[in-house]
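Could you walk me through this structure, one selection at a time? I have the viewer open and would like to know what to click on next.

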Amino acid sequence: EPLRGPQDAAFDANARLFERAQRSIPGGVNSPVRAYRSVGGAPRFVQRASGPYVYDAEDREYVDLVASWGPALLGHGNPAVVDAVKRAADRGLSFGAPTEGEVELAELVRARVHRDGRSPIERLRLVSTGTEATMTAVRLARGATGRSLVVKFAGHYHGHSDGLLADAGSGLATFALPASAGVPAEIAAQTLVLPYNDEAALRLAFERHPGRIAAVITEAAAANMGVVAPDDGFNRTIVDVAHADGALVIMDEVLTGFRVHAGGWWALDPAGAVDVDLLTFGKVIGGGMPLAALGGRASVMDLLAPLGPVYQAGTLSGNPLAVAAGLATLRAADDGVYARVDAAADRVVAAVGSALSAAGVAHAISRAGNLFSVAFGLERAPRDYDEVRAQESWRHPAFFHAMLEQGVSLPPSVFEAWFLTAAHDDAALARVEEALPAAARAAAA
Ligand code: PLP
């Protein structure tokens, strides 16, 4: 039997683990994208990570451009964060009672999400996942307005709660269909799915359903269909159109919050600050631990239990280890950190562009701050989900595997952003640059 390389189950510890995992875990993974279904092959089982690197079950080292899908802003195993978690663990793992750390984190978030002398966050509630944050924000918007419908944009991801797992219906401003088995049609029909960056579609939705839309939820800058930044001023348009009808706006910063800027996309948006009612956070706010949050105007947030009639709770909400990781991460994430992440993104963007051009692969690189993604076969950066899907996504698996073989771990889907960290130093970035030409040639084939 000749060795068939790293995918050979008889030979590679990752493939052996994947086979074993599939006997006890659906698909072998606890979140679907990890299974490498869109690129093929066995996923790399990570045994440890440090700075910009992850190490697989064979102890092979990869420059990591996934960063746990966002949280690892400082790089893996940042000593300040790990120490904070260890010290918190020594004091106890979970109390189900309020702690001072939660107050500090709420105050820190309010101080950071700030622009032109104001903050959109007067109150903050901690939860454990981004899914919970957006689910609760939607419930809160419905409770505040007494309305049921929710507008979302095609290609935006807000976690896996029923109402937000909805696909565009048959026409503009019509009710959505379930995007997953198990979501009742009646629930999907409470959601309207609109094309992103389309002001006319947004206005039409409010014309068709006046007084019935509780909220528009939007990724602050879309980064779950690859990166698609809002057109200049589109977030402001959302707020103006929604507020004119008495609907609220939920800006989902689970991915962008504290990653693209100290104050998230809200503070970075070149079109200026907008008057959103609620914001959701996740990922970086927990520094790699299960922590997320929703925040916003006191008049809306104070409708949450125990003050108001909108129920929300969590055994592990504000978990002291997660809060310690979040506090340590945000305290360490100073201007220098963002400057390093931005510069690392600039460098990789430039290298990807020149490698693909040299290999003759048409492409567009779309960016939102330090987040970016590569769309193969497009002439210009896509503005909505239809344009995203028009790309030559079939080029991605070869590109991905060529990078992986050279020790660079990219997101295993073309519809995901690439994540840099402040730990991506010259050595790590040089390895990415060295790997790109061969991967670009693989993508050209
Ligand atoms: N909202 C956005 C914008 C996200 O990117 C994600 C996760 O990728 C979520 C919500 C859901 O967060 P979680 O995976 O923590 O439930």
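This is a predicted model: local features need pLDDT of at least 70, side-chain atom pairs count only at pLDDT 80 or more; totals for chains, interfaces and linings use all residues.

Start by selecting residues 48-50, which are strand 1, and residues 408-409, which are strand 15. These two are the edge strands, each with pairing on one side only. Now bring in the rest of the sheet: it is open, has four strands in the order 1-2-3-15, and its pairing is mixed.

Next, zoom in on strand 1 and strand 2, the latter being residues 53-55. The two run antiparallel and are joined by three bridges.

**Stop two: the ligand**

Select the ligand and show what surrounds it: 15 residues, the closest being Gly130, Thr131, Gly159, Val254 and Leu255. Then colour helix 4, residues 130-145, which supplies three residues, the largest share of this shell. Colouring the shell by class gives five nonpolar, eight polar and two charged residues.

**Stop three: two crossing helices**

Finally, select helix 3 (residues 100-112) and helix 10 (residues 320-332). Their axes come within 10 Å and cross at roughly 35°, and the crossing is left-handed.

Show side chains where they meet. From helix 3, display Gly101, Glu102, Glu104, Leu105, Leu108 and Arg112; facing them from helix 10 are Pro320, Val323, Ala324, Gly326, Leu327 and Leu330. By class, this contact has seven nonpolar, two polar and three charged residues.

How values were computed:
Residues are numbered from 1 along each chain as its sequence is written. Two strands pair if DSSP finds at least two bridges between them. A residue is near a molecule or strand if its C-beta atom, placed from the backbone, lies within 6 Å of it. Ala, Val, Leu, Ile, Met, Phe, Trp, Tyr, Cys and Pro count as nonpolar, Asp, Glu, Lys and Arg as charged, and the others, Gly among them, as polar. Axes are lines fitted to C-alpha atoms, for helices over the stretch in contact, and angles run from 0 to 180 degrees between N-to-C directions. A crossing is left-handed if the near helix is turned anticlockwise from the far one by less than a right angle, and right-handed if clockwise. Two residues are in contact if their C-beta atoms, placed from the backbone, lie within 7 Å.
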